[in-house]
Amino acid sequence: MKTARIIFTGGFLGAGKTTLLREAAQRLMKQGFNVGLITNDQAPELVDSMLLSKHGLKVSEVSGSCFCCNFNGLTAAIQHLRTESATDIIIAEPVGSCTDLSATIMQPLKQFRSRELNIAPLSVLADPARLTAILDGGNAGLHDDAAYIYRKQLEESDIILITKSDLLTRQEADALQKRTAQAYPHADILTVSAVTGDGIDRWLDEALKRNDAGLRLADVNYDIYARGEAVLGWLNGSVRIKGEATEWDAFIHDFLAELSNRFDANNYSVGHVKIIAESGSRYITGNITGLGDTLSLRGSIGKSNEIKLVINARVETAPEELDKIIKESLNNLTDNKYSTEVIAWRHLQPGRPNPAHRFVKVVQDSHNYID
Ligand SMILES: Nc1nc2c(ncn2[C@@H]2O[C@H](COP(=O)(O)OP(=O)(O)OP(=O)(O)O)[C@@H](O)[C@H]2O)c(=O)[nH]1
Ligand SMILES: [Mg+2]
């Protein structure tokens, strides 16, 4: 079997990983590559997997824990894409609250899998607003320990990709790039926008050609890392809502706006709340990546009698409280008018990360790469 290239795109919750994966995969497929994607989460029912599949992309899912705690699950997903789909490029998105990927994923893959995989530099994506706050020495509205994870992600990167460059002027983007380079001089700093396409080819060029992967290990304190993950309540739910003919786009907007208001009113910092709702072949996605002004919707369902709604929420509060707020907000909208059938529903607090492998030295194996 030929070697496949694998590109890891890390970065904090809501940084823009899945959106970039989709755009990058489509570009690579147009160039004739056979591309497979790997999504990852603490629990099943992933908005990301659904969204990518809807774009006709091949997706393999590792759910139940982050990549580093389920190295065998990750290698099984890689193997599946390679054998079932003869994939030549794999792009993998770790959970946004995950760090220490260089020690727990990049080095073990270099050590054990370098004959079958060409490993690209570790790309860490950073949303400009959160990145600016972190560079200012703040916590970007996050708990100190969650902000610690954010900093460690940047520290271990080979490439820092400043995402959403469409939200910045050219001067602002240049200034942020310079500041990031000063703070993280080991990394190459690039900017991308999945909206305008700016910088994507340049990044892909680096990700496809370079073999200097996982050059650094971050010194990660697992007590702080565990606390940083545990401050986030996690909820993955999937429901079917039926009733009178409804303009679902407005319904989804109102649902997200209500959630956002309640999180903001309680000072519960939002990591990422994402929704996909579908009716027939039509769908709408909604996201909140911080305060209420980050609420955004894409796509449209229009009017119909029934939707399937999947919600993934990561918010700094107890999972039971998150569950209560989401159920109440949904009930307020559906009450008496609709029937709601729960397909799957789970809320949890991520457990202490316990990686399968954790290398203390960088593996120098570039001679093993088969290009
Ligand atoms: N303006 C703008 N928004 C973007 C861009 N890329 C992503 N977004 C938005 O950012 C939000 C989060 O995007 P995702 O791609 O889901 O982020 P993610 O990093 O995969 O999030 P998690 O999987 O939860 O960690 C969504 O509202 C996207 O529409 C971009 O290039 N420009
Ligand atoms: Mg994602």
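The protein is divided into domain 1, covering 4–228 + 352–368, and domain 2, covering 233–348. The model is predicted. Taken over C-alpha atoms, the centres of domain 1 and domain 2 are separated by 27 Å. The contact draws 18 residues from domain 1 and 21 residues from domain 2.

**Domain 1 side of the contact**

- Helix H2 (residues 47–54) supplies four residues, the largest share of the side of domain 1 that touches domain 2.
- By class, this side of domain 1 holds nine nonpolar residues, six polar residues and three charged residues.

**Packing of helices H6 and H9**

- Helix H6 spans residues 144–155 and helix H9 spans residues 222–230.
- The axes of H6 and H9 come within 7 Å of each other and cross at roughly 115°.
- Because angles of 65 to 115 degrees count as roughly perpendicular, H6 is roughly perpendicular to H9.
- The crossing in which H6 passes H9 is left-handed.

**Residues between H6 and H9**

- On the H6 side, the contact is made by Asp145, Ala146, Tyr148 and Ile149.
- On the H9 side, Ile224, Tyr225, Arg227 and Gly228 take part.
- The residues of the contact of H6 with H9 comprise five nonpolar, one polar and two charged.
- Gly counts as polar, and Asp and Arg count as charged; Gly228 and Arg227 belong to H9, while Asp145 belongs to H6.

Note on methods. Residues numbered from 1 in each chain as written. Chains lettered and ligands numbered in written order. Predicted model: local features only at pLDDT ≥ 70, side-chain atom pairs only at ≥ 80, totals over all residues. Axes fitted to C-alpha atoms, helices over the stretch in contact; angles between N-to-C directions. Helix = DSSP H or I, 4+ residues; strand = E, 2+ residues; numbered from the N terminus. Parallel < 35°, antiparallel > 145°, perpendicular 65-115°, else oblique. Left-handed = near helix turned anticlockwise from the far one by under 90°. Contact = placed C-beta atoms within 7 Å. Domains from an automatic or database assignment.
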